[in-house]
Each structure stands twice: as C-alpha cells, then as structure tokens.
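This report is for a reader who has not seen the structure before. Look through the sequence and the model first, then read on.

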Amino acid sequence: YPPIDKIVGGLPIGGLMLIAGPAGLGKTTLALEIMMSAAKAGKYVAFFSLEMVLGAAAMRLLELDSRGRKYQENIFTTDRVMGIADVYAESVRLASEIPLYMIVIDYCDLLVEREQSEETMGTIYNGAARLAKTTGIPVVALAGVSRGYVGGRPRVNHIRYSGRAEHAATTIALIYRPGALDVDMHDEKLPHIEGQGYIIIGKSRYKMNVPTLGAIQVEWDEKRGRWGSEVIAYIEDLTS
C-alpha cells in the first residue's frame, strides 16, 4: 500500500503492525486496502475476520476494487470464532503450505475468550507478535481505543491496554478522520479537510523513510468508504 511503503518503508517483516483508532473511522478499510494491494501483486494473505461475517468481508473487498474477484484466490479468509492460539495454529499451518505475505486479524478485542483485562489483552498482543516473529510474516492486527478517549487526535496511549500494545507492536498506525467524530477538538496540525484523513504513525522500531514520526495525509472517499492510495502530505512533529 503506497502510503505505508513510501513513509514507513512497508510492513514490518517478522513484526506486528497495529492499526488502532475509534470505531467507524476506517481501520478495517485500511487493512483491506493493504490486503488488496498485496493480492494485486500476486501475494497471498490470511484474513481472520472476527468482526465481519465472511460474506460481508468478501463484499467489502469487492467494493474496494471492481476487479476484486480476480484476486480473491490470493486471500484466505475465515470468520470462525477463534482465540489467539487458534489464529496462531491456523496461520502456521497455512504458512507451511503457501508463501504467505501477511496475516490480518480483525480485531484483537474479539480474540478474548474470557473477561477482558490487561493480562488477557497482553496475551493477545504478545501472541500476535510471537506469530510474526516465528513465521517471519508481518501480522497486521486491529485494535480499539480505551474509554478514556473522548475525541480529537488519537494517540498511542489511547489504545486499549496501551502499555501492552506498545510493548508488543513493531509499528503502530492510528486512524484519524476529524469530520467523522462526534467530538472533534481543534487541531491546527491535523485539521478537518473534507475528503481527506490521516494515518498517524505512532511508533516504528525500524528506520522509516522520513526523519520523525508524524501523520500521512491521504484522500478519503466518503461515498465508497475507502482510503486513497497516494500521499498528499506528511506532517511531522506531532508532539504538541
């Protein structure tokens, strides 16, 4: 996916990339964009759709690209109820049979098999990171934000059980579309612009293609519900 490739340097090989943010801002859509880009390049992807039923996930893929059916054979999907151990075992099995390029988990919170807590979420984040390291395949996992998030620019510490998430992840991308939020706080560096949104890079253990962490400004097609594939701008230094 060009914005991630150009700015971050691609997916973290053998590492976990978390895509986090408030509900309804386009986390799953971004993951699907990355998957479709990989499939178009002839790469194989495993997609664990724990939130969307399998039919809905397939239709979403087709909406993102009218030629989607042509690339469906490169994307292995399941909507079966699973825990992190099941995802781990199925991914390792699949990787032994085909040259998997990436593994997508949508999303981490739904892997909890008992009451959600810092310990259980830590197990999930660490399990996803261990899967990436063991197989050498990038794992892209979606994560929600905590109840402490009330609007405005999302930050790494807004991720649910952020300490565990930050420890496990190699790369963290935060989705931000101010116009889609019920509560929008004025942000001079990342203002609301109609038809655009931001992919904030909150963490990267690897050297990126830019000097500092920041936000990738890209198009957002509201009608089709999809992210653009070109970088409009890169906003650095979001410390304030």
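Helices (H or I, at least four residues) and strands (E, at least two) are DSSP runs, numbered from the N terminus. The model described here is predicted.

## Overall make-up

The protein has seven helices and ten strands. Its chain counts 240 residues, and 55% of them are buried.

Among contacts in the protein with a separation of 6 or more, 71% are made by residues 24 or more positions apart.

## The nonpolar core

In soluble globular proteins, nonpolar side chains tend to be buried together. The largest nonpolar core in this model holds 79 residues. L16, L18, I19, M102, Y125, I159 and I199 have the most contacts inside that core. Helix 2, which spans residues 27–40, gives the most to this core, with eight residues.

What does L18 touch, leaving aside residues up to four places away in sequence? Its partners are C108, Y125, A141, A143, A165, A169, T171, I172 and A173. One of these, Y125, is also listed with L18 among the residues with the most contacts inside the core.

## Two residues with positive phi

Y161 is a residue other than glycine, yet its phi is positive, near 55 degrees. Y161 sits in the loop between strand 5 (139–143) and helix 7 (162–168). Because its relative accessibility is 29%, Y161 counts as partly exposed.

D237, also not a glycine, has a positive phi near 55 degrees. D237 lies in the segment after strand 10 (233–236). With a relative accessible area of 41%, D237 is partly exposed.

Methods. Residues numbered from 1 in each chain as written. Predicted model: local features only at pLDDT ≥ 70, side-chain atom pairs only at ≥ 80, totals over all residues. Heavy atoms only, no water. Core = buried A, V, L, I, M, F, W, Y, C linked by side-chain atoms within 4.5 Å. Buried < 20%, exposed > 50% of the residue type's maximum accessible area, 1.4 Å probe, protein only. Contact = heavy atoms within 4.5 Å.
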